[in-house]
Amino acid sequence: MRVYLLHMVTLRQLQYMITIVEEGSFTRAARRLHISQPALSRQLQALERFCGGSLVERDARPLRLTPMGQAIHPHARAALAEADRIRLAAATAAGGPGGELRLATLDSLTLGVLPPALSAWHEGNPAMEVRLAEYRRAEELMAALGEGRADVAVGPALDQWYGPRQLLGVAEFVLVLPPDDPVAAAHPGPSVPLAAFTDRAWVHFAPGNALSAVLNEACAEAGFTPRTAVRTEQSVAAPLLAASGLGPTLVPTYVLPAHFPGRVMRPEPPVRQQLFVCTTALPGPTVTDFVEVLVRHARVAPHTSLDDLGTASGR
């Protein structure tokens, strides 16, 4: 009977269990999975019948795994990863030497960090298509990877990601101002206290943009909540808006274009963010090779040094 039930366990049920815990509620998980809540509950119950016990503590808020759920969690992810490798192998076989590799990342990284790595990968694998999916928040990256919608994710990894991850680099954030900004003029060095901009209205980011949280957290650490002059969805637009005089902004150096016309200064205290390459458990050889290319060629540092940017910006 147990052997028969094994065939009744599906990858979908394993994915449903993982999503329920990631979202912390049946309602949010059902919404994310685009199914009804009763259907989601039935699938989890079927999985629990096979396992012989409860997998989710339903009285907890947010929902969390039971000890049995924690025990099968890594195996569930491994099963999903194996299915993903099967899909990638089949796609490669169907297209001869080609195939498709799915990369999830943040929109700000597409322009600033990834082009050199993608170019190097394409040069060595011209028949393989890279399908790029750009998200606004790190949580969306990890969801895409965990749900099998991506083979690789590049961004700031979350603590709850249990799969393999490799450090890509450490991004440094800078303040961007117009060349004649009075606060910058009062601080002739390369750095300026973030608290000096307490009373200013900022060029901010849309609430869902990953850089919005970085700016808010940095200002909170400096002792204030930033007022907003304008919000933008586009990360690369923020420094241009700031340079035009709309207000200061805080951006990673990799979004700054070469020969940037604005004033660039280091904030005090410094603001930095680690960027990672994340994969599902036991990635296949194609994904492993792709990760190696990313680590070797991705450009987290700016086009030029910050001192050169500051000099070019009127310092």
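Aspartate 151 lies in the loop that joins α8 (138–146) to β5 (152–155), where helices (H or I, at least four residues) and strands (E, at least two) are DSSP runs numbered from the N terminus. This is a predicted model, in which local features need pLDDT of at least 70, side-chain atom pairs count only at pLDDT 80 or more, and totals for chains, interfaces and linings use all residues. Residues are numbered from 1 along each chain as its sequence is written, and side-chain values use heavy atoms, with hydrogens and water left out.

Aspartate 151 is buried, with a relative accessible area of 3%; buried means under 20% relative accessible area, calculated with a 1.4 Å probe and protein chains only. The side chain of aspartate 151 reaches the backbone nitrogen of arginine 102 at 2.6 Å.

Helix α8 is largely enclosed by the rest of the structure, because seven of its nine residues are buried. Just after α8, glycine 148 takes a positive phi of about 80°.

| Helix | Residues in the contact |
|---|---|
| α2 (residues 11–23) | Gln13, Leu14, Tyr16, Met17, Ile20 |
| α4 (residues 37–51) | Leu40, Gln43, Leu44, Ala46, Leu47 |

The residues of this contact of α2 with α4 divide into eight nonpolar, two polar and no charged, with Ala, Val, Leu, Ile, Met, Phe, Trp, Tyr, Cys and Pro counted as nonpolar, Asp, Glu, Lys and Arg as charged, and the others, Gly among them, as polar.

Note on methods. Axes fitted to C-alpha atoms, helices over the stretch in contact; angles between N-to-C directions. Contact = heavy atoms within 4.5 Å. Buried < 20%, exposed > 50% of the residue type's maximum accessible area, 1.4 Å probe, protein only. Polar contact = N/O pair within 3.5 Å; in protein donor to acceptor, adjacent residues only side chain to side chain.
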